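Look over the sequence and the model first.

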Amino acid sequence: MVVGGARVASDGYPSTHRRRIADRVFRAFTLLALLVIVAPVIWVIAGIVARAVPHWRWSVLTTNTVGAGGGLDNAILGSLAIMLGVLIVAGIFGVLGGVYLAELAGFNRNGKQRGAVLRSATEVLAGVPSIALGLVGYLALVVEFHWGFSVLAAVIVLSVIVIPYIARGTEVALRQVPTNYREGAEALGMSTGYSLRKVVVRSAIPGIATSLLIALAISVGETAPMLYTAGWFTGTPKASLFHQPIGYLTYPVWTFWDYPSDQAHYLAFDAALILLVMVLVLLVIARLVVARSQRFAENRRN
Amino acid sequence: MSAFVPFVALVLTVFVLAFKAWPAITVNGVHFLVGSSWKPGNVYGAVSTTGGVAHPFGSSYGAWPAIAGTLESSAIAIVIAVPVSIGAAFALTERLPRWLAEILRSAIEILAGVPSVLLGLWGALTLGPLLANDVYPIVANHMPDVPFFSFFRGPTGHGEGLLTSGIVLSLMIIPIVASTTRNLFAQVPALPKEGGEALGMTDWEVGRKITIPWVRAGIIGATVLGLGRALGETIAVAMISGSLLNTIAPNIYGTMGTVAATLVTQLDSAFADGTGFEVRTLAELAVVLVIVVLIVNTVARIIVRRTGHLAAPVGGVI
């Protein structure tokens, strides 16, 4: 044993030298891990841009798909229409569900909060693979109800997929509203419903809006359940909820990427680029909403 | 009333799948779970009837290769994702200046938001060929021919297959595990960590002996939740795995298929089956998938419930 030197190994402690090396390895590993996560993000985005931009034609935005070529006007409009439908259906049920869980569920006689079963169901539903929900949509809505591949079937299935996120996001946003606000509203003599509408929900709007934007980003990026419910349509979307398939942006990527023609590849990457831009715009807006609402919050998240 | 929507949707999902799958369950029997041939039969030929259920002549369904592929690819994803997520969470909470950590956190959020079809496109056209040309052959040639490591030897293919699928799957679950772990690390109080440092512990020792044990249950919960996501991931794996029906990968580079990928790639074939038996069989496959994923998720929730909440990709908790 060398006191004060590098080796104290005879006491059963690892040597300082070895500990220092282990620490260096650890520090290098943490930075490497971060690189392993961040590099693919840049790589995926750059890769899609690099493959789509050289062949980019603006006519892609204005013409419909013809076979495995042509443009993507039908898919873009279809995706936007489906997003609007999801925003309405999932927005209403998700936000109201979240409000119920956070504000109205109350307590039962044992002092436990009610709604535990409903909250668990929401969490469980969030874990069900989207392909399984798509298959259920096909079996129940497309076949059993004779809706055929249709806009409404797609919107309902996508809504079921994203409602858990919206409900949970709404519930969390409402729980972060300070209790003082509710007490103040009550002290002013407001009824529960009035104070919910005018005070509580209003202060939670940034959080709710964020969860809606995330839900839209999820629904525009879904592929598997759409194949089972929306079908595919190369014409401009029609204003019909039933018996009318609709185009959407993930279909050309999924279908045309391994077709044996350059035309099809260009279309797949054009669709990928448009999809990427839509998702990034939604995520950036969501991020800005969060940042803006936190700038004035009392307890800023670190 | 709106709060009941997820509950109703869940009940209907289970009911519809079980109801539709029941004839297939009775006909396919146990062979469905252990058999390894997936044959839709002659959909244009004669119709056979087994136990009162019509199905095409010669149809026989065994999903074991798909089940094995699902388990293998998810296991690879977890093995990669957990250490990377923990390392990145350390870098984000302990090492980097806050402005840089914020930017990198945004990158992780974007990774969570990238549609799986785009990750599949990247994995199939960019990452897969690159690994198959430059990385897999080197690994395959240097692995010793002993049990376990011999799984890494042999032909390396063209980039489609088990390992590439696992790597892309790991990228899809890293956002869940990493953001949860980061939030958990941020909750570890400073005093124990400072105490450890005052005793002369290195950062690695503080991390290994104080920070990680403090939040271990939460990390395990997030990992199991990520596992549930990996098991059910469909489109990216369908693009990268090779989407085979009757093949278990002979080595880690081999092409294979998964349960979820089979559900989407057999869609057209199922529509062509006039008796509807293949759709029923796909429903049975979905029942298997849902049961496994629900068990995994329930375990995750139980573990996490003791430690708090999981992090969502963007904007707080889920």
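## Helix packing and the chain interface

In helix H2(A), A:Val99, A:Glu103 and A:Leu104 touch A:Leu196, A:Val200 and A:Val201 of H7(A). By class, this contact of H2(A) with H7(A) holds five nonpolar residues, no polar ones and one charged one. All of this is read from a predicted model.

How do the two helices lie? H2 covers residues 73-104 of chain A, and H7 covers residues 192-203 of chain A. Their axes are 13 Å apart, at an angle of about 95°. H2(A) and H7(A) are therefore roughly perpendicular to each other, since angles of 65 to 115 degrees count as such.

H2(A) also packs on helix H8 of chain A, residues 205-221. Here the angle is about 135° and the axes are 10 Å apart. That makes H2(A) oblique to H8(A). The crossing of this pair, H2(A) and H8(A), is right-handed. From H2(A) come A:Ser79, A:Met83, A:Val86, A:Leu87, A:Gly91 and A:Val95. They meet A:Ile208, A:Leu212, A:Leu216, A:Ser219 and A:Val220 of H8(A). The contact of H2(A) with H8(A) counts eight nonpolar, three polar and no charged residues.

Chain B supplies another pair. Helix H6 of chain B spans residues 162-187, and helix H9 of chain B spans residues 216-232. Their axes come within 9 Å and cross at roughly 160°. That angle is over 145 degrees, so H6(B) is roughly antiparallel to H9(B). The crossing of H6(B) and H9(B) is right-handed. On the H6(B) side the contact includes B:Leu169, B:Met172, B:Ile173 and B:Phe185. On the H9(B) side, B:Ile219, B:Ala222, B:Leu225 and B:Arg229 are among the residues that take part. By class, the contact of H6(B) with H9(B) has eleven nonpolar residues, five polar and one charged.

| Helix pair | Angle | Axis distance |
|---|---|---|
| H2(A) and H7(A) | about 95° | 13 Å |
| H2(A) and H8(A) | about 135° | 10 Å |
| H6(B) and H9(B) | roughly 160° | within 9 Å |

Now to the place where the chains meet. The size of an interface is often given as the accessible area lost when the parts come together. Chain B and chain A bury about 7100 Å² between them. Of this area, 78% is on carbon and sulfur atoms. The contact draws 85 residues from chain B and 73 residues from chain A.

How many salt bridges cross the interface of chain B and chain A? There are five. Over all chains, the count comes to eleven. One salt bridge pairs the side chains of A:Arg287 and B:Glu109, at 3.0 Å from N to O. Another links B:Asp203 with A:Arg27, where the closest N and O atoms are 3.0 Å apart. B:Asp203 lies in helix H8 of chain B (residues 203-214) and A:Arg27 in helix H1 of chain A (residues 16-52), so this pair joins two chains.

Conventions
Residues numbered from 1 in each chain as written. Chains lettered and ligands numbered in written order. Predicted model: local features only at pLDDT ≥ 70, side-chain atom pairs only at ≥ 80, totals over all residues. Heavy atoms only, no water. Axes fitted to C-alpha atoms, helices over the stretch in contact; angles between N-to-C directions. Helix = DSSP H or I, 4+ residues; strand = E, 2+ residues; numbered from the N terminus. Parallel < 35°, antiparallel > 145°, perpendicular 65-115°, else oblique. Left-handed = near helix turned anticlockwise from the far one by under 90°. Contact = heavy atoms within 4.5 Å. Nonpolar A, V, L, I, M, F, W, Y, C, P; charged D, E, K, R; others polar. Buried area = accessible area lost by both parts, 1.4 Å probe. Salt bridge = Lys/Arg side-chain N within 4 Å of Asp/Glu carboxyl O.
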